[in-house]
Structures are given as C-alpha cells and as structure tokens.
Amino acid sequence: MTTETKTPVTRALFDEVMVPNYAPGKMIPVKGEGSRVWDQQGNEYIDFAGGIAVSALGHAHPKLVEALTEQAQNLWHVSNVLANEPMLRLAKKLTDLTFADKVFFANSGAEANEAAFKLARRYHWEHSGPEKNEIISFNSSFHGRTLFTVCVGGQAKYREGFEPAVDGIRHANFNDLASLEAIISDKTCAVVMEPVQGEGGIQPATQEFIEGVRALCDKHNALLIFDEVQTGVGRSGALYAYQKYGVTPDILTTAKSLGGGFPIGAMLTRGDIAKSLTIGTHGSTYGGNPMGCAVSEALLDIVSQPAVLQGVEDKAARFRKHLEDINVKHGIFKDIRGCGLLIGAELVDEWKGKSKDFLNAALEQGVMVLVAGPNVVRFAPSLVVEDDLIDQGMAAFAKAVDQLVSA
Ligand SMILES: Cc1ncc(COP(=O)(O)O)c(C=O)c1O
C-alpha cells in the first residue's frame with residue numbers, strides 16, 4: 001500500500017480506537033532523521049527524548065537501516081526451534097563486551113527482567129532449596145509492566161488494582177544500605193537494582209551504596225541483578241553502567257537502546273548461573289529474532305567504539321552546562337544529575353509536580369524532552385546528537401522555560 005492510499009489518521013482516532021492507558025501528545029510524528037523529527041503538518045522538532053532512552057543512534061541511522069533492510073531481504077523469523085546467524089553473532093558480541101558468558105533474548109525490558117527474576121529463583125531452588133526465594137528491590141525503582149515486574153518494582157501505583165501481587169518480594173530504600181541490611185537474609189535469592197533509577201527520577205546509586213549492595217549479596221549468597229534497561233548500551237558513557245562503577249552483577253538486563261528502536265531485550269549472565277534455565281524452563285517465540293538481532297549488532301558495533309562513549313561524556317557536559325545556565329537565570333532546578341546522557345533536572349519546590357508543563361512548553365518550542373516523575377525533567381537524547389543541535393535544542397528549551405516562568 002502506498003502512502004497515498006493509506007487511510008488518513010488524526011490524534012482524535014487514538015481516543016476512539018486505543019485502550020486509554022496512554023495519553024500521547026497532540027502532534028503525530030511521521031518522520032525522523034538523526035535527532036530531528038517531523039510531524040504530520042511538517043513541523044520540525046529536535047528530539048532529546050530519544051523514544052524514552054531508546055533511539056541511541058537517533059532516527060533512521062544509515063547503518064541500522066542497512067542492517068535491517070539487508071536482513072529483511074533474507075530471513076525474518078524462524079523461532080527458537082532453530083538458531084539464526086544474527087542472534088549468534090549478537091550473543092557473541094555481548095559476551096565479548098561484558099562480564100557475561102551467556103545470553104537470553106527477549107523483546108522488551110520487562111521480559112528481560114522477567115527472565116532474570118525467574119532465573120534467580122530457579123537457580124536458588126536448584127542450589128539452595130525452595131525457601132531461598134525472596135527478591136529484594138528498591139523503593140522508587142521501575143522494572144517493567146508485567147505482573148511480576150510491577151510487583152518487584154518499587155512504585156505501588158503500578159500494582160494498584162492488579163493484586164494479588166506476586167509473593168516473596170521485599171523493598172528497601174535506594175542509596176540506604178542500612179535499610180537493605182535490615183531485610184536481606186539467607187532467604188534472599190536476589191537483589192535487583194537500577195544503577196541509576198530512571199523512572200524513579202534519575203537517581204544515581206552512590207559508589208558506596210552499589211559496592212555495599214554487592215557485598216551484602218555476597219554475604220547472603222544472593223544474586224545481584226542490575227537492571228540496565230535504561231542505563232545500558234552506552235547511555236552512561238560506558239557500554240554498561242556497571243563498568244563505570246566497577247561493580248559486576250551476576251545477572252544484567254538490557255533493552256531500550258539495544259535495538260535503537262527495534263524491539264529487543266536481553267538477559268546476560270554467567271555460565272554457572274545460566275545452567276539453571278534448562279531446556280523448556282523458559283522461552284519466547286520472538287526472542288532472538290533475526291531482524292532485531294541484526295539491527296542490534298550494527299548498533300553495538302558503533303556504540304561500543306571508545307570515541308562514541310567518550311562523546312557521550314562530552315555531550316552530557318554540554319547539556320549540563322546549558323541546564324546550569326538556565327538555572328543561573330531562573331533558579332528553577334534544585335538538582336541537575338544523572339549519568340552520561342541520562343540527565344534529570346529536578347524542579348525546585350515552587351514548581352513541584354509541574355514537570356509535564358516543561359515537557360509541553362518545550363514541545364511548543366520545537367524540542368522533545370521527557371519527564372521522570374512529576375518533579376524531574378529528563379533528557380535521554382541520541383548518543384550521537386550533534387553539538388550544534390544540542391545548542392539549538394537547549395536554546396529552544398531555555399525559551400520554553402523563560403515563557404513558563406514569566407507566564
Ligand atoms: C529500568 C527499566 N527497567 C525496565 C523497563 C521496562 O522496559 P520495557 O518498557 O521495554 O518493558 C524500563 C522502562 O522504562 C526501565 O526504565
């Protein structure tokens with residue numbers, strides 16, 4: 001079907017035909033190139049949202065388009081009844097580049113986490129007995145929207161109305177080792193944490209905390225799971241944030257940027273742990289499909305280059321400078337924090353609860369940003385966004401702030 005013969009659609013149709021669990025903005029994007037996006041009316045936007053930390057190489061990166069179209073002309077899908085070449089190549093790359101010996105492919109972050117939690121329980125069921133089944137996560141954490149992952153996640157609002165909850169899950173306070181120490185025990189099979197809490201407001205773990213969590217896991221023979229769905233694949237300035245902290249997990253989950261916009265997730269782990277997912281214990285029809293893996297392989301080849309990772313740090317400093325300049329003028333941020341190109345600007349109390357106003361005002365000025373909860377404006381742009389686009393987009397954001405503050 002050509003574009004001309006497709007049924008015209010508008011934002012109003014969303015409310016007619018879509019389940020109302022999302023509230024998308026008014027404009028409908030139709031084209032993206034690098035860090036620029038155009039809507040149905042041809043208006044241009046600079047994209048600092050990156051599809052919520054997904055579009056690691058921006059939109060329609062030529063190398064990803066090439067990988068996807070080449071794969072599309074060869075093999076789309078075979079299921080896990082058979083292996084496929086892109087899956088094997090990608091798994092080899094991921095294991096070469098990280099602590100992991102083994103990979104399980106999924107299609108999203110939640111599914112990668114689901115696999116991690118199931119593996120942690122199964123591993124200890126096998127090695128320590130069925131009583132060692134408790135999973136500890138942290139308040140304000142986010143691990144996805146399946147029933148297991150909303151129960152593990154540390155935000156009650158995502159569980160509300162979906163109870164009964166999955167059993168055997170406890171929550172401690174993030175960056176508070178004493179609170180973890182109080183509930184970790186020999187019944188704990190795993191502790192899961194985001195090295196930087198994303199949806200919870202862009203809260204980086206302190207070095208002391210992340211090291212302390214590792215030590216407590218070791219003391220209680222619990223597996224340490226890092227959910228790097230948001231921090232992974234170069235966003236932190238290292239390929240994975242654990243490498244920056246110098247603290248190695250037993251299981252790591254990755255998605256979002258892994259496919260740069262093509263749905264793919266993965267769980268990485270050591271060989272001795274992986275053994276517990278024996279044949280038939282877990283699976284996914286689409287997991288490891290050739291299209292996603294081909295795109296991801298091309299993406300990893302670029303993102304893992306030291307120059308690209310250094311670029312993340314340089315670009316992050318550029319973003320922060322702009323935010324600091326805005327703050328000198330208006331004093332609206334109480335904190336500007338993050339890790340690499342995952343940046344959060346927390347609003348001062350006067351603007352508490354109004355982060356969405358900043359997102360909307362920015363959109364009016366032609367720049368796409370995100371929120372991370374009601375008090376934090378979030379930036380998760382392409383890792384290769386051009387410096388002049390950063391300057392241009394942040395000037396537009398500054399204008400949006402000027403207008404909001406003077407309204
Ligand atoms: C840290 C973290 N884990 C898991 C998820 C869930 O990923 P997905 O939406 O791909 O299921 C997210 C999504 O925002 C996330 O930020």
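Student: Which residues come nearest to the ligand?

Tutor: First, a caution: this is a predicted model. Now the ligand. A residue joins its shell when one of its heavy atoms lies within 4 Å. Here 13 residues are around the ligand, and G109, A110, D227, Q230 and K256 come nearest.

Student: Which element gives the most to the shell around the ligand?

Tutor: Helix α5, residues 109–127, gives the most, with 3 residues. G109 sits in that helix. A110 is placed in helix α5 too.

Student: How much of the ligand does the protein bury?

Tutor: Taken alone, the ligand exposes 390 Å², and the protein buries 82% of that.

Student: Are G109 and A110 buried or exposed?

Tutor: Under 20% is buried, over 50% is exposed, and in between is partly exposed. G109 has 13%, so it is buried. A110 counts as buried because its relative accessibility is 15%.

Student: What does the side chain of T149 reach?

Tutor: Again, separate side chain from backbone. The side chain of T149 reaches the backbone oxygen of G144 at 3.3 Å. That side chain also reaches the backbone nitrogen of R145, at 3.2 Å. Leaving aside neighbours within four places in sequence, the contacts of T149 are A110, N113, E114, F117, H143 and G144.

Student: Which residues does UniProt list for "binding site"?

Tutor: Treat such a label as a record, since annotations may be inferred rather than shown by experiment. In an unreviewed entry, UniProt lists R145 and S284 for "binding site". Of these residues, S284 is included in the lining of the second largest pocket. The UniProt annotation "binding site", from an unreviewed entry, also covers G109, A110, F142, D227, E228, V229, Q230 and T285. That set is spread over 177 residues of sequence, and in space up to 25.0 Å between C-alpha atoms. From this set, T285 is taken in by the lining of the largest cavity.

Student: Where is R145, and is it buried or exposed?

Tutor: R145 is in the loop between β5 (134–138) and α6 (147–152). It counts as exposed because its relative accessibility is 57%. Not counting residues up to four places away in sequence, R145 touches A110, V150 and Y158.

Student: And S284: where is it found, and is it buried or exposed?

Tutor: S284 is found in the loop between α10 (271–274) and α11 (290–303). Its relative accessible area is 17%, so S284 is buried.

Student: What surrounds S284?

Tutor: Beyond residues up to four places away in sequence, S284 touches N80, F104, F105, N107 and E111. One of these contacts is polar: the side chains of S284 and N107 meet at 3.2 Å.

Student: Where is S140, and how exposed is it?

Tutor: S140 is in the loop between β5 and α6. Its relative accessibility is 32%, so S140 counts as partly exposed.

Student: What does S140 touch?

Tutor: Not counting residues up to four places away in sequence, S140 touches G154, Q155, Q197 and G200. For a distance across the chain, take S140 and A222. They are 82 residues apart along the chain, and their C-alpha atoms are separated by 21 Å.

Technical notes. Residues numbered from 1 in each chain as written. Predicted model: local features only at pLDDT ≥ 70, side-chain atom pairs only at ≥ 80, totals over all residues. Heavy atoms only, no water. 1 Å grid on protein atoms, 1.4 Å probe; cavity = no way out; pocket = protein on both sides within 12 Å on 5 of 7 lines; lining within 4 Å. Helix = DSSP H or I, 4+ residues; strand = E, 2+ residues; numbered from the N terminus. Buried < 20%, exposed > 50% of the residue type's maximum accessible area, 1.4 Å probe, protein only. Contact = heavy atoms within 4.5 Å. Polar contact = N/O pair within 3.5 Å; in protein donor to acceptor, adjacent residues only side chain to side chain. Areas by Shrake-Rupley, 256 points an atom, 1.4 Å probe, with all protein chains shown as cover.
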